[in-house]
Amino acid sequence: MKIGVVTRNRNSWSSTQLRKALAKHNIPHVCFSFPRLTARIGYKPYLNIGNINILDELGALLIRPIGRGSLEEIVFRMDMLYRLQRLGLLIINSPEAIEHCVDKYDILAILEDKGIPVPRTAVTENVDEALNAFHELGGDVVVKPLFGSRGIGATRVRDPEVASTIFRSLTFYHNVIYIQEFVPHGFSDIRAFVIDNRVVAAMRRVASSWKTNYSQGARPEPTLLDNMLEELAVKSAKLIECKIAGVDILESPKGPVVVEVNSQPGWRGLQSVTRVNIADEIVNFVISELKK
Ligand SMILES: Nc1ncnc2c1ncn2[C@@H]1O[C@H](COP(=O)(O)OP(=O)(O)O)[C@@H](O)[C@H]1O
Ligand SMILES: [Mg+2]
């Protein structure tokens with residue numbers, strides 16, 4: 001049985017690692033991007049890529065980034081994953097987990113409802129309310145794209161006039177305004193990589209500014225999590241059934257807060273500071289799920 005790896009770029013670092021790990025385990029695989037999929041209703045194959053009938057020929061799909069696209073493209077991609085899942089295909093991560101994680105409001109709301117500490121955050125389509133929230137949150141906030149990643153577009157704002165201009169332009173382009181209190185973190189944070197409710201590796205990301213994404217130039221350092229942080233990471237991933245998760249934790253003066261759970265985390269930076277082969281761990285997990 002083949003495994004499908006859905007990736008924009010089969011030669012990206014993480015996808016290459018996955019392909020190598022699959023080859024090492026003698027698991028045949030096929031890599032493709034979403035635009036190569038075709039869906040059918042009323043006649044078969046219900047989903048195919050070229051001459052591969054997904055439901056007949058693949059045992060599981062591993063989703064690397066769901067990708068950028070128009071709302072229509074993204075919704076269609078999710079619809080296909082949901083249908084494949086309904087028809088019995090193993091999808092990792094599940095479309096539900098992907099959907100929760102991709103939306104920075106949804107994920108934090110779920111975590112808060114289940115008792116996980118998260119930063120105070122306000123989300124609105126209304127500029128005046130956003131300005132109120134800017135002050136409620138102490139006049140030092142991070143404005144983030146609701147569906148962003150890799151730190152792109154996240155902006156620290158301390159000036160009400162700048163805040164007002166940003167909020168107006170966001171609403172003009174029909175973006176939702178997402179404002180979060182700035183959490184002092186000493187320019188470093190924790191990334192915990194969770195597979196099947198276990199932290200397989202973690203790192204401290206040390207930056208020269210407040211954004212600590214590896215893709216923004218932060219330096220990974222090996223770190224061992226204490227029990228509290230480990231539990232926080234595992235619980236956050238588990239609450240949304242995110243089987244492969246990158247959990248970002250800021251250590252604020254008031255204690256740790258979870259800022260997001262990534263359902264399609266890369267691991268290049270993390271791999272450079274851990275002996276655990278993360279791609280192997282992912283493949284072993286997929287094999288164990290297939291045996292269930
Ligand atoms: N509320 C915050 N206060 C301070 N720094 C933050 C805050 N939120 C995010 N950051 C920093 O910005 C980075 C990116 O934010 P994050 O919410 O993880 O979004 P992304 O999906 O872009 O990685 C984080 O790793 C962290 O370093
Ligand atoms: Mg992040």
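Asn9 is placed in the loop between strand S1 (2-6) and helix H1 (13-24); helices (H or I, at least four residues) and strands (E, at least two) are DSSP runs, numbered from the N terminus. The model is predicted, so that local features need pLDDT of at least 70 and side-chain atom pairs count only at pLDDT 80 or more, while totals for chains, interfaces and linings use all residues. Residues are numbered from 1 along each chain as its sequence is written, chains are lettered from A and ligands numbered from 1 in the order in which they are written, and side-chain values use heavy atoms, with hydrogens and water left out.

Asn9 counts as partly exposed because its relative accessibility is 38%. On this scale buried means under 20% relative accessible area, exposed over 50%, and partly exposed in between (1.4 Å probe, protein chains only). Asn9 and Pro65 are 56 residues apart along the chain, and their C-alpha atoms are separated by 9.6 Å.

A cavity is a set of points where a 1.4 Å probe fits but cannot get out, and a pocket is an open set with protein on both sides within 12 Å along at least five of seven lines; lining residues have an atom within 4 Å of a point. Grid points are joined across faces, edges and corners, and a volume is the space filled by probe spheres set on the points.

The largest pocket holds about 1,600 Å³ of space. Its lining comprises 50 residues, and Arg8, Pro65, Ser149, Arg150 and Gln264 are the closest to its centre. At least two lining residues come from each of H1, helix H3 (71-86), helix H4 (95-102), strand S12 (188-195), strand S13 (198-206), strand S16 (255-262) and helix H9 (268-271). The most is given by H3, with 5 residues. By class, the lining of the largest pocket has 20 nonpolar, 17 polar and 13 charged residues. Here Ala, Val, Leu, Ile, Met, Phe, Trp, Tyr, Cys and Pro count as nonpolar, Asp, Glu, Lys and Arg as charged, and the others, Gly among them, as polar.

The second largest pocket has a volume of about 360 Å³. Among its 14 lining residues, Pro145, Leu146, Leu170, Asn175 and Val176 lie nearest its centre. This lining divides into 9 nonpolar, 4 polar and 1 charged.

For the largest cavity the volume is about 340 Å³. It is lined by 25 residues, with Lys144, Ala154, Trp210, Asn213 and Val259 nearest its centre. Strand S11 (177-181), strand S15 (244-252) and S16 each supply at least two residues of this lining, which is made up of 9 nonpolar, 7 polar and 9 charged residues. In the second largest cavity there is about 90 Å³ of space. Residues that line the second largest cavity include Leu18, Ile92, Asn93, Gln264 and Trp267, and its lining has 8 nonpolar, 3 polar and 1 charged residues.

Ligand 1 has 22 residues around it, of which Lys104, Lys144, Gly151, Thr212 and Asn213 come nearest; a residue is near a molecule if one of its heavy atoms lies within 4 Å of it. A polar backbone atom of Gly151 is 2.6 Å from an oxygen atom of ligand 1. A nitrogen atom of ligand 1 lies 2.8 Å from a backbone N or O atom of Glu181, and a nitrogen atom of the ligand lies 2.8 Å from a backbone N or O atom of Val183. Taken alone, ligand 1 exposes 530 Å², and the protein buries 98% of that. Accessible areas come from the Shrake-Rupley method with a 1.4 Å probe; for residues, only the protein chains shown count as cover.

Lys104 lies in helix H5 (residues 104-113) and counts as buried because its relative accessibility is 9%. Its side chain makes a polar contact with the side chain of Glu260 (3.3 Å). A polar contact is a pair of N or O atoms within 3.5 Å; within protein, one must be able to donate a hydrogen and the other to accept it, and residues adjacent in sequence count only if both atoms are side-chain atoms.

Most residues other than glycine have a negative phi, and most peptide bonds are trans. The peptide bond from Lys44 to Pro45 is cis, with omega near 0°.

Definitions and conventions
On a 1 Å grid over the protein atoms alone, a cavity is a set of points where a 1.4 Å probe fits but cannot get out, and a pocket is an open set with protein on both sides within 12 Å along at least five of seven lines; lining residues have an atom within 4 Å of a point.
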